[in-house]
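Here is a briefing on one protein model.

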Amino acid sequence: MSTRVKERIADGFSYIFMLIVFVFFAGPLFWLLSLALRSRKEIYLGVARFIPKNPTLDNFTAVLTNASFAGYLWNALVLSCLSAVGVLIVSLPAAYAFSRLPMRGKPGWMLAILAFQMVSPLVIMVPLYRYMSWLGLIDNLFGVTMVYVALGVPLAVWLLKGFVDGIPKSLDEAAMIDGCTPFSAFWRIIVPLSSPGVASVFIITVIAGWSQFLVPFLLITKNNMTPVAVGIFNYAGSSNDSSIQLLAAACLISVVPAIVAFLALQRLILEAMTAGAVKG
């Protein structure tokens, strides 16, 4: 068997594997779309066909014209964007310090940051609620945003450190010779040259914050402050069989922005995810 034939067989298996993965992950989304396009009558009758007999967009119209759902979307956008800004404010100087400044036990500190990223919020759910309640930060936008920031900083530090490592140290030294302070060199040299990494981390953090469920579910009790993930969960808990089509439409509307953002900006995201592995 020639090398070319072997390569084609290997490519064929690769495409088959990617197709299986696509069906595995996209299948639930297509089924959700099928439910969202059905009428209440078709849902009530329990018709199991994949393609609805009489597709309708009324469910999407009903969800989008609902004032509460629009508020859920706005709350999710505000929380995710504020947390992304907070993550950058904390993680960018930390990444610069880990990349440039002499530090004892630097590998150990980096591993400690990574270990913190591996801790599930479920583990600290009870103490987190009691601590935030003691601080009076339940139903407080600042408190929820700070928890988002704490959860996003470890990964952001690792990603941004990879970008900072790729910037020659000679640029810092030249800036120092020209009279810059360390902070001035960081602000005028490192931050502009790290802009692709900053943009990538911002996008990743916004997407993660948009899909966050446990933290707002735990720390927010007021309906007018609830983000979309918790809002849909609350709606599901109060729905019945005749409103499943509305719930499916709401889920699709909440998922689509994250999917579109990832597909449109996947090059930046993949660059951020690989920079640390190559340069760090």
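Which residues have the most contacts inside the largest nonpolar core? They are Val 87, Leu 92, Leu 160, Phe 186, Ile 190 and Val 201, in a core of 22 residues. This is a predicted model: local features need pLDDT of at least 70, side-chain atom pairs count only at pLDDT 80 or more, and totals for chains, interfaces and linings use all residues. Residues are numbered from 1 along each chain as its sequence is written, and side-chain values use heavy atoms, with hydrogens and water left out.

**Cores**
- A nonpolar core is a set of buried Ala, Val, Leu, Ile, Met, Phe, Trp, Tyr and Cys residues joined through side-chain atoms within 4.5 Å; buried means under 20% relative accessible area (1.4 Å probe, protein chains only).
- H7 provides the largest share, seven residues.
- Another core, of 19 residues, lies apart from it and includes Leu 37, Val 63, Trp 210 and Ala 249.

**Helix H10**
- H10 (residues 195-210) has 16 residues and spans 22 Å from first C-alpha to last, close to the 22 Å expected (1.5 Å times one less than its number of residues).
- Its buried residues include Val 198, Val 201, Ile 204 and Trp 210.
- Beyond its neighbours within four places in sequence, Val 201 is in contact (heavy atoms within 4.5 Å) with Val 87, Leu 88, Ala 156, Leu 159 and Leu 160.

**Asp 139**
- Asp 139 is in the loop between H6 (125-134) and H7 (141-165).
- Its phi is near 60°, a positive value in a residue other than glycine.
- Most residues other than glycine have a negative phi.
- Asp 139 is buried, at 18% relative accessible area.

Notes. Helices (H or I, at least four residues) and strands (E, at least two) are DSSP runs, numbered from the N terminus. Buried means under 20% relative accessible area, exposed over 50%, partly exposed in between (1.4 Å probe, protein chains only).
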